[in-house]
Amino acid sequence: MLTGERLYPPYKIAALVQLLSEDGTPAEATLRGTGLDPADLHDVACRTSVEQFLLACRNAMRLSRDRSTPFRLGARLPLSDFGMYGLLLLSSTSVRDCFRLAVKYQLLATPALAIDEAESGRHTLWIFPDEASRGLPEDLRMFLIEQQVTQQVRHLHDALGTDCHPISACFTHPAPAHSELYRQFLRCPCVFNWHRSEIRYPKEVLDRRPRLANALTAATLQATCESLVADAEASLGFAGKVYRTLRAMRNPGASMTAVASALKMTERTLRRRLADEETAFSTISHHIKYCVATQHLRSSRASIEQVAAIAGFSDPANFRRAFLRWTSMSPAQFRRLQRIPPRRGSTG
């Protein structure tokens with residue numbers, strides 16, 4: 001994830017500054033090191049980066065001993081704060097579309113964590129893949145998870161106009177000393193030391209209609225979001241261009257030669273320009289293959305061999321080895337785990 005690009009209005013940082021200000025922390029202290037001052041948070045032209053948000057969160061963790069801070073932050077970030085992205089989700093014609101579009105356009109939402117959605121048996125899942133946050137310190141990762149899960153519950157409430165609490169919430173980290181806050185804010189049984197972080201709702205919620213549902217408005221806003229995502233990706237530099245090119249190709253396993261040809265340059269030039277941005281073609285290729293593979297393992301009935309081919313592997317054995325390297329489990333184990341319901345009422 002490229003975290004340094006300034007693409008986002010400062011709504012998340014502003015909400016965090018306001019929250020800590022109410023607790024007696026000066027805005028300047030929360031913003032220390034971000035390059036922002038309080039006046040910037042009221043400037044409609046101001047754009048911030050994920051990196052600046054992460055710095056503000058680190059400051060909050062240092063300045064406040066109140067472990068409810070990330071939960072309270074998530075609870076005070078309504079969908080209406082998220083610009084066209086939020087308005088699109090509010091006007092979606094079903095919760096199923098709301099979830100699908102939230103994932104599709106997550107680049108527009110200051111994405112400090114990755115999000116995904118899936119259906120499993122009698123449940124619908126809102127998933128927070130750990131792979132995207134492995135490089136973060138554990139305490140910061142926990143802060144972000146606590147903020148994100150509470151924010152998601154708030155967003156479903158905004159869409160429906162009424163409370164709709166999860167039936168369970170699961171987290172990969174051990175039960176913390178403040179685990180009671182999870183139950184207090186999420187109002188559901190919570191499981192710790194789980195194999196992934198997720199929120200589960202009854203599958204029936206997917207067919208519910210948001211209170212502001214409007215098919216024409218949603219279609220118009222989706223076109224706007226498509227344009228905004230294209231603009232955002234274009235600003236991500238050459239690596240973003242390679243991502244877009246490889247993602248648009250029919251084969252996620254396309255070679256560097258094929259991508260270089262599509263970009264009308266030599267492999268050597270492609271390799272050098274990616275190195276200038278401190279990344280490599282293999283990093284981008286593996287990320288896209290991983291995303292395609294996990295999506296199909298979660299949501300399709302394709303065999304492991306078929307998923308391997310869809311993800312761009314000519315040899316299923318190579319796919320299994322790569323998947324084991326990415327996730328520390330086999331594709332079959334990963335698929336089975338998507339279907340295991342958490343123990344109701346367990347706390348870790």
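Author: Let us start with a salt bridge. The side chains of Glu180 and Arg183 meet in one, at 3.2 Å from N to O. Keep in mind that this is a predicted model.

Reader: How far apart are Glu180 and Arg183 along helix 8, in helical turns?
Author: Helix 8 covers residues 179-186. Glu180 and Arg183 are three residues apart in it, so their separation is about one helical turn.

Reader: Are Glu180 and Arg183 buried, exposed or partly exposed?
Author: Buried means under 20% relative accessible area, and exposed means over 50%. Glu180 has a relative accessibility of 48%. Arg183 has 22%. Both values lie between the cut-offs, so Glu180 and Arg183 each count as partly exposed.

Reader: Which residue forms a salt bridge with Arg141?
Author: The closest N and O atoms of the pair are 3.2 Å apart. Both residues lie in helix 7 (residues 138-160), three residues apart, about one turn of the helix. The partner of Arg141 is Glu138.

Reader: Which category of burial does each residue of that pair fall into?
Author: The cut-off for buried is under 20% relative accessible area. Arg141 has 6%, so Arg141 is buried. Glu138 has 42%, so Glu138 is partly exposed.

Reader: What is the N to O distance in the salt bridge of Asp97 and Arg100?
Author: Asp97 and Arg100 are three residues apart in helix 6 (residues 95-104), so about one helical turn separates them. Asp97 is partly exposed at 22% relative accessibility. Arg100 is partly exposed too, at 36%. Their side chains meet with an N to O distance of 3.2 Å.

Reader: Which residues are linked in a network of salt bridges, and how many salt bridges does the whole structure hold?
Author: Side chains of opposite charge can pair when their charged atoms come close. The network links Arg96, Glu119, Lys203 and Asp207. A search of the whole structure finds 16 salt bridges.

Reader: How many bridges join strand 1 to strand 2, and which residue is the bridge partner of Asp116?
Author: Strand 1 and strand 2 run antiparallel, joined by five bridges. Their hairpin has two residues between the strands, and Gly121 takes a positive phi near 60 degrees there. The partner of Asp116 in strand 2 is Ile127.

Reader: Which residues in strand 5 are the bridge partners of Thr124 and Phe128?
Author: Strand 2 (residues 123-128) and strand 5 (residues 197-202) pair in the antiparallel sense over six bridges. Thr124 has Tyr201 as its partner. Phe128 has Ser197.

Reader: Which residue stands opposite Ala169 in strand 5?
Author: Strand 3 (residues 168-170) runs antiparallel to strand 5, with three bridges between them. Strand 5 is mostly covered, with five of its six residues buried. Opposite Ala169 stands Ile199.

Reader: Why is strand 2 described as largely enclosed, and which residues lie on each face?
Author: Six of the six residues of strand 2 are buried, so the rest of the structure largely encloses it. In a regular strand the side chains alternate between the two faces of the sheet. Both faces of strand 2 are covered, with His123, Leu125 and Ile127 on one side and Thr124, Trp126 and Phe128 on the other.

Reader: Are helix 13 and helix 15 roughly parallel or roughly perpendicular?
Author: Helix 13 (residues 281-299) and helix 15 (residues 316-327) pack with their axes 11 Å apart. The angle is about 95 degrees. Angles of 65 to 115 degrees count as roughly perpendicular. The two helices are therefore roughly perpendicular.

Reader: How do the residues of that contact divide by type?
Author: Helix 13 brings in His286, Lys289, Tyr290, Ala293, Thr294 and Leu297. They meet Phe319, Phe323, Arg325, Trp326 and Thr327 in helix 15. The contact divides into six nonpolar, three polar and two charged residues.

Methods:
Residues are numbered from 1 along each chain as its sequence is written. This is a predicted model: local features need pLDDT of at least 70, side-chain atom pairs count only at pLDDT 80 or more; totals for chains, interfaces and linings use all residues. Side-chain values use heavy atoms; hydrogens and water are left out. Axes are lines fitted to C-alpha atoms, for helices over the stretch in contact, and angles run from 0 to 180 degrees between N-to-C directions. Helices (H or I, at least four residues) and strands (E, at least two) are DSSP runs, numbered from the N terminus. Angles under 35 degrees count as roughly parallel, over 145 as roughly antiparallel, 65 to 115 as roughly perpendicular and the rest as oblique. Contact means heavy atoms within 4.5 Å. Ala, Val, Leu, Ile, Met, Phe, Trp, Tyr, Cys and Pro count as nonpolar, Asp, Glu, Lys and Arg as charged, and the others, Gly among them, as polar. A salt bridge is a side-chain nitrogen of Lys or Arg within 4 Å of a carboxyl oxygen of Asp or Glu. Buried means under 20% relative accessible area, exposed over 50%, partly exposed in between (1.4 Å probe, protein chains only). Two strands pair if DSSP finds at least two bridges between them.
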